[in-house]
Amino acid sequence: MDLFHNLAIGFATAAQPTNLLYAFFGCLLGTLIGVLPGLGPLATIAMLLPITYALQPDAALIMLAGIYYGAQYGGSTTAIVVNLPGESSSVVTTLDGYQMAKQGRAGVALATAAIGSFFAGCVATLAIAALAGPLTATALLFGPKEFFALMVLGLILASVLSSGPFIEGIGMVVLGMLLSLVGTDLSSGSQRFAFGVPQLFDGLDFVPLAMGIFGFAEIVKNLEQDDKLSLVTQKITNLFPTRDDFRRMIPAVLRGTALGTLLGVLPGGGAVLSSFASYTLEKKLSRHPEQFGKGAIEGVAGPESANNAGAQTSFIPLLTLGVPSNVVMALMVGAMNIHNIHPGPEVMTKNPTLFWGLIASMWVGNLMLLILNLPLVGLWVKLLTIPYRYLFPAIMVFCSIGVYSINSGTFEVYEAAAFCVFGYVLIKLQLPAAPLLLGLVLGPAIEENFRRAMVLSRGDATALLTSPLSASLLAAAAIAILLIMLPTIRARREEALQE
């Protein structure tokens with residue numbers, strides 16, 4: 001009964017006209033940036049963070065969440081019609097989706113992606129609602145030792161599952177944690193690495209850093225690419241799949257939904273890992289694996305269901321435990337901190353309308369996305385003809401105005417420009433930026449919980465091992481490091497990432 005009562009509170013919050021408007025705006029913008037190759041939800045959410053200062057917390061999070069899972073819908077359009085994924089989680093959709101389009105079945109492929117995404121999104125939202133209560137109750141039992149161990153494990157697993165060598169991932173996590181030290185020490189009140197700059201006394205501003213590394217740097221990188229696209233010239237018709245199509249796609253949708261729901265919860269998981277894992281699973285289970293890459297409908301249904309389920313269930317560890325499972329969730333932490341909301345179990349207990357309103361808005365958003373994507377597919381395809389050289393300068397101007405509006409000063413603009421250069425260097429060196437942001441976001445919480453644990457134990461570091469739960473979490477982190485160092489496992493990981 002409590003679950004239904006909480007969902008009633010959530011739908012009452014989500015149904016407010018302002019929240020409906022921002023949910024629609026988020027879904028619309030998510031579809032748009034999913035369709036346009038080169039942007040993606042990470043860069044867009046990073047660039048829209050300044051706007052959230054002027055919004056209510058529930059409206060801001062509903063909009064940003066809509067952008068994230070809306071991009072999963074939109075990314076399939078370019079993957080199928082142009083053979084160019086609009087979003088990284090739609091990479092595998094190009095393998096069979098574009099082949100279906102070349103065979104005159106682009107409409108069926110787009111409908112398959114939309115139907116699978118809608119079903120998976122609804123199931124994933126139900127999973128969030130069902131698991132939120134038990135996980136929050138468990139998290140309320142955590143002390144400083146347990147939270148410290150949990151965050152360490154999360155960062156280790158995120159590095160293991162990130163692209164690139166494991167050592168580089170750990171190095172970027174450490175760099176992010178070092179950057180989080182800039183500012184005022186809350187315990188002693190002394191300045192750390194501020195170098196006498198007053199704007200750094202409160203630490204590095206999260207918004208310019210995220211916009212520079214994940215927004216502006218991505219735009220600069222995309223300007224290097226040729227913006228000539230090869231569109232499927234046939235008119236897109238016959239959106240409804242046949243009976244045989246449904247027979248083949250339904251099992252793939254169910255498997256992709258289940259797999260994405262599970263992988264979305266894991267640190268380092270989310271939409272991208274879920275879609276690749278689903279494609280691999282479908283190919284292994286298929287009686288005709290030779291059809292994959294030649295227009296197999298399972299190669300569209302499974303990954304598209306998995307990436308939407310993974311995108312939405314990645315909110316579970318953020319909202320219940322306060323641990324972001326991927327870099328987009330780390331940006332959501334930044335958005336919550338802007339409004340003085342600390343992610344974790346207290347969100348559900350102290351802000352129930354925000355918590356359940358966000359969950360209920362996902363159901364509403366999935367319905368909006370289904371309506372936006374199928375009937376308007378022709379409009380989304382036409383947007384692909386906009387040249388990058390016109391689109392990106394306008395985006396950078398508006399985003400720079402947004403950064404300036406944070407404190408009505410130029411320091412944040414220069415800060416974003418500096419981190420843009422830094423982010424571009426990371427791209428050229430092929431170093432993963434996602435672990436850096438996770439380290440930056442979790443660094444203060446790790447430091448705070450470690451200090452509290454040391455105060456309670458009077459400086460005895462072995463106290464971290466006296467709690468069975470914290471000892472188990474730290475042991476799991478150590479085992480993950482040892483396993484990834486084994487040559488066989490390291491070779492398999494590199495092979496999987498290469499695929």
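Author: Welcome! Let us begin with a definition: two axes at under 35 degrees count as roughly parallel, over 145 as roughly antiparallel, 65 to 115 as roughly perpendicular, and the rest as oblique. The model here is a predicted one, in which local features need pLDDT of at least 70, side-chain atom pairs count only at pLDDT 80 or more, and totals for chains, interfaces and linings use all residues. Residues are numbered from 1 along each chain as its sequence is written, and side-chain values use heavy atoms, with hydrogens and water left out.

Reader: Thanks! How many helices and strands are there in the protein?

Author: Helices (H or I, at least four residues) and strands (E, at least two) are DSSP runs, numbered from the N terminus. The protein has 22 helices and 2 strands.

Reader: At what angle do the axes of α4 and α5 cross?

Author: An axis is a line fitted to C-alpha atoms, for helices over the stretch in contact, and angles run from 0 to 180 degrees between N-to-C directions. For α4 and α5 the crossing is at roughly 55 degrees, and the axes come within 7 Å. The two helices are therefore oblique to each other.

Reader: Is the crossing of α4 and α5 left-handed or right-handed?

Author: A crossing is left-handed if the near helix is turned anticlockwise from the far one by less than a right angle, and right-handed if clockwise. Here α4 passes α5 in a right-handed crossing. Contact means heavy atoms within 4.5 Å, and on the α4 side it is made by Ala79, Ile80 and Val81, with Thr93, Thr94, Gly97, Tyr98 and Ala101 on the α5 side.

Reader: What classes of residue are in the contact of α4 with α5?

Author: Ala, Val, Leu, Ile, Met, Phe, Trp, Tyr, Cys and Pro count as nonpolar, Asp, Glu, Lys and Arg as charged, and the others, Gly among them, as polar. The contact of α4 with α5 has 5 nonpolar, 3 polar and no charged residues.

Reader: Which residues of α5 meet α12?

Author: First, the geometry: helix α5 (residues 93-102) packs against helix α12 (residues 298-313) at an angle of about 135 degrees, their axes being 8 Å apart. That angle makes α5 oblique to α12. Their crossing is left-handed. From α5, Thr93, Asp96, Gly97 and Met100 meet Gly299, Val300 and Glu304 of α12. By class, 2 nonpolar, 3 polar and 2 charged residues take part in this contact.

Reader: And how do α4 and α16 cross?

Author: Helix α4 (residues 57-81) and helix α16 (residues 352-373) cross at roughly 35 degrees, and their axes come within 9 Å. This crossing is right-handed. Among the α4 residues in the contact are Leu61, Ala65 and Tyr69, and the α16 residues include Gly357, Ser361 and Leu369. The contact has 11 nonpolar, 8 polar and 1 charged residues.

Reader: How many salt bridges does the count come to?

Author: The general idea is that side chains of opposite charge can pair when their charged atoms come close. A salt bridge is a side-chain nitrogen of Lys or Arg within 4 Å of a carboxyl oxygen of Asp or Glu. By this rule there are 8 salt bridges.

Reader: Which residues are linked in a network of salt bridges?

Author: One such network links Asp185, Arg192, Glu447 and Arg451. Aspartate 185 pairs with arginine 451, their closest N and O atoms lying 2.8 Å apart. This pair joins distant parts of the chain, 266 residues apart: aspartate 185 is in the loop between β1 (183-184) and β2 (191-192), and arginine 451 is in helix α20 (residues 434-456). Aspartate 185 also forms a salt bridge with arginine 192 (3.9 Å, N to O). Glutamate 447 meets arginine 451 in a salt bridge at 3.7 Å, N to O. Glutamate 447 and arginine 451 are 4 residues apart in helix α20, so about one helical turn separates them.

Reader: Is aspartate 185 buried or exposed?

Author: Buried means under 20% relative accessible area, exposed over 50%, and partly exposed in between (1.4 Å probe, protein chains only). Aspartate 185 is buried, at 7%, while arginine 451 is partly exposed, at 31% relative accessibility. Of the 499 residues of the protein, 54% count as buried.

Reader: Where is serine 314 found?

Author: Look in the loop between α12 and α13 (315-321) for serine 314. Serine 314 is buried, with 0% relative accessibility. Leaving aside residues up to four places away in sequence, serine 314 touches Tyr68, Gly264, Ser325, Asn326 and Met329.
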